[in-house]
Amino acid sequence: MMHSITKGNRFRLAFAGWWIVWIIVHAWVVHSYGAGLLQGFTEAILCNILLAAGCLLVANNMKYYLPQRERYWYILIMGLVLSALWLFITKTMLKLLFGADELYLALLNNSSTIRFVIGFLMLGAMAVMSILWYTLQEQQEANKRKEEAEKMTKDAELFKLRQQLQPHFLFNSLNSISALAGSQPEKARHMIHQLSDFLRGTLKRDEQQAMTLKEELRHLALYLDIEKVRFGHRLQTDIRVSAQTESLHIPALLLQPVVENAIKFGLYDTTGDVMITIHAEQREGQLQISISNPFDEETAVSTQGTGFGLASIQRRLFLLFARHDLLHTGRQQGIFTTTLVIPQYQYEGNHH
Amino acid sequence: MKAIIIDDESLARGIVREYLQQYPDIDIVQECADGFEGVKAIQQHQPDLVFLDIQMPKITGFEMLELIEQPPAVIFTTAFEEYAIRAFESHAVDYLLKPFSKERFDKAIQKWRQQNPQEQREHTRQLINAPGLTPHHPGRIVLKDNGKIKIIPAAGIHYLEAADDYVKIVTAEGYFLKNKTMAYFEQALDPQNFVRIHRSYLINIQLISRIEPYEKDSYLAVLSVGMKLPVSKSGYVRLKQVLGI
């Protein structure tokens with residue numbers, strides 16, 4: 001919200017002071033040209049109060065409409081029109097008040113030009129001051145907005161990094177390798193290779209980039225294999241993708257957090273055997289992927305509020321496709337299903 | 001000496017087992033894959049030492065400890081650094097960050113041997129009573145009801161009432177008792193949802209339907225489930241702050 005130039009005690013005091021001084025100067029000048037003291041002061045008060053009102057009008061007008069281009073023409077024309085109007089009103093009123101006095105009437109008629117110039121200068125000065133004030137305010141606002149936008153970008157970046165690194169997965173996997181190193185060194189070595197391939201794939205990927213479903217699934221398979229080493233027979237996966245669907249596109253690292261989520265609630269938070277399924281199909285030219293996992297109905301009650309942590313995926317889909325209807329979730333008989341729809345039009349004509 | 005290993009990953013249990021081979025006097029009496037099994041095993045065997053993971057299915061390692069009346073000495077093994085560094089510096093026997101080396105493990109065993117059992121029990125007791133330091137779900141309370149483990153989601157709690165050494169947790173299903181202080185719950189539950197309106201009452205503000213004046217400087221909070229609870233002068237100030245009035 002912009003602060004109005006006319007608000008604030010300092011402005012009011014200066015404004016009032018200025019017009020009082022100007023009333024005295026005005027009265028004295030008119031008096032020195034031969035008008036009576038009463039006539040001088042009446043005229044000065046009347047003219048200057050009207051002129052002050054005109055200045056306030058200009059200042060308020062600038063608050064709501066700040067001319068960007070042709071602002072000098074705008075000031076000039078507004079100044080000319082308002083001062084002409086002001087001159088007409090004051091002259092008419094003064095004639096009504098003191099019309100009987102011939103000498104005063106002559107003085108009034110002879111001073112029209114100087115009155116007009118003074119009125120124009122006053123109104124013009126007020127307009128220039130207002131423009132400067134509001135332009136400065138606008139700039140400050142713009143700077144603030146820019147800073148906020150920069151901060152948000154930075155936060156998003158940090159969030160992205162945190163998302164990618166998944167420290168717990170990494171440390172737990174290293175712990176499994178450490179355990180295998182003693183008893184089954186061959187398996188430990190194999191797991192080190194899987195983990196490095198997975199990490200390299202994650203670091204290399206750019207979230208702005210689109211991958212084919214085949215490439216993304218290959219990356220996911222590395223992740224799921226590592227979890228299979230950690231949890232042994234408990235984890236089973238069923239990945240069903242038709243050959244023609246494999247060549248469809250999907251934003252990089254979009255599927256990964258959904259599957260991580262399925263693993264978190266399906267595997268980390270339950271006991272017993274777990275089946276994670278990933279099914280992909282082409283539907284009306286779009287790629288539709290369903291990921292399902294079992295969940296513990298008893299303990300998952302309290303996690304309901306967090307919406308199974310899918311809010312960031314929803315957000316990303318919105319940023320990429322400007323649509324809110326691409327992510328659906330459902331729960332049925334202890335199975336939680338996440339369905340993603342990926343429009344393909346952005347990737348058409350993009351075939352290698 | 002009896003030990004129990006509680007971890008949901010068999011490989012993680014394996015490494016503790018392997019490191020323990022060097023200590024013939026420490027006998028692994030049971031291995032458990034989740035907190036429910038853990039509670040049973042600890043009560044059955046009364047072990048001298050427990051190796052405990054924090055993030056596990058159903059209930060966390062901390063929630064599990066809260067359910068045991070005489071908690072044994074505990075060495076935590078976890079990949080979650082943020083959980084408890086400070087707590088373990090002072091209270092637990094030790095805190096092993098996965099993956100940990102044999103040397104680090106040996107140090108933890110040494111530390112355990114140097115403490116007498118009385119001291120250990122005191123440490124564990126302090127540890128689980130220190131709110132804010134323990135990782136927990138602010139969204140739920142885990143307790144034992146007639147020998148069965150019960151998980152109460154915070155949204156289902158009407159209010160908590162001080163009752164001597166216990167706290168009465170009142171829900172739609174009736175009330176449950178837990179051996180904790182009001183101050184503990186005040187910190188453990190989400191302060192945006194639970195407000196200490198009185199020395200003896202901590203209420204779920206989602207259920208307040210209106211607040212009536214009662215006597216000088218005191219008020220009554222009327223819950224939508226049909227109860228009236230006293231609000232003290234300072235409780236009223238806290239309530240106004242959270243409700244933003």
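Predicted model: local features only at pLDDT ≥ 70, side-chain atom pairs only at ≥ 80, totals over all residues.

Biologist: How many helices and strands does chain B have?

Modeller: Helices (H or I, at least four residues) and strands (E, at least two) are DSSP runs, numbered from the N terminus. Counted that way, chain B has eight helices and 15 strands.

Biologist: In what order do the five strands of the open sheet in chain B lie?

Modeller: Strands pair if DSSP finds at least two bridges between them. In this sheet the pairing is parallel, and the order is β2-β1-β3-β4-β5.

Biologist: Why is one side of β2 and of β5 in chain B left without a neighbour in the sheet?

Modeller: β2 (27–32) and β5 (94–97) of chain B each have a single partner strand. For β5(B), four bridges join it to β4 (residues 73–78) of chain B, with B:T78 opposite B:L97.

Biologist: What angle does the direction of helix α1 of chain B make with that of β1(B)?

Modeller: Angles run from 0 to 180 degrees between N-to-C directions, with axes as lines fitted to C-alpha atoms, for helices over the stretch in contact. Contact is called if C-beta atoms, placed from the backbone, lie within 7 Å. Helix α1 (residues 10–20) of chain B packs on the sheet, touching β1 (2–6), β2, β3 (49–52) and β4 of chain B, and its direction makes with that of β1(B) an angle of about 155°.

Biologist: Which element gives the most to the side of chain B that touches chain A?

Modeller: The contact takes 21 residues from chain B and 23 residues from chain A. On the chain B side, α1 and β7 (148–153) each supply at least two residues. The one that gives the most, with six residues, is α1(B).

Biologist: How many residues are in the largest nonpolar core?

Modeller: A nonpolar core is a set of buried Ala, Val, Leu, Ile, Met, Phe, Trp, Tyr and Cys residues joined through C-beta atoms within 7 Å; buried means that 20 or more other C-beta atoms lie within 10 Å of a residue's own, with C-beta atoms placed from the backbone. Among the residues that touch the most other members are B:V50, B:F51 and B:V74. Helix α9 (residues 255–268) of chain A brings the largest share, seven residues.

Biologist: At what angle do helices α7 and α8 of chain A cross?

Modeller: Residues of the contact include A:M191 and A:L195 of α7(A), and A:L222 and A:I226 of α8(A). The axes of α7 (residues 185–204) and α8 (residues 213–231) of chain A come within 9 Å and cross at roughly 145°.

Biologist: Which residue in the hairpin of β6(A) and β7(A) takes a positive phi?

Modeller: Six bridges join β6 (residues 327–332) to β7 (residues 335–342) of chain A, and the two run antiparallel. A:H328 has A:T339 as its bridge partner in β7(A). The hairpin has two residues between the strands, and the one with a positive phi near 45° is A:Q333.

Methods: Residues numbered from 1 in each chain as written. Chains lettered and ligands numbered in written order. Contact = placed C-beta atoms within 7 Å. Buried ≥ 20, exposed ≤ 12 C-beta atoms within 10 Å, placed from the backbone.
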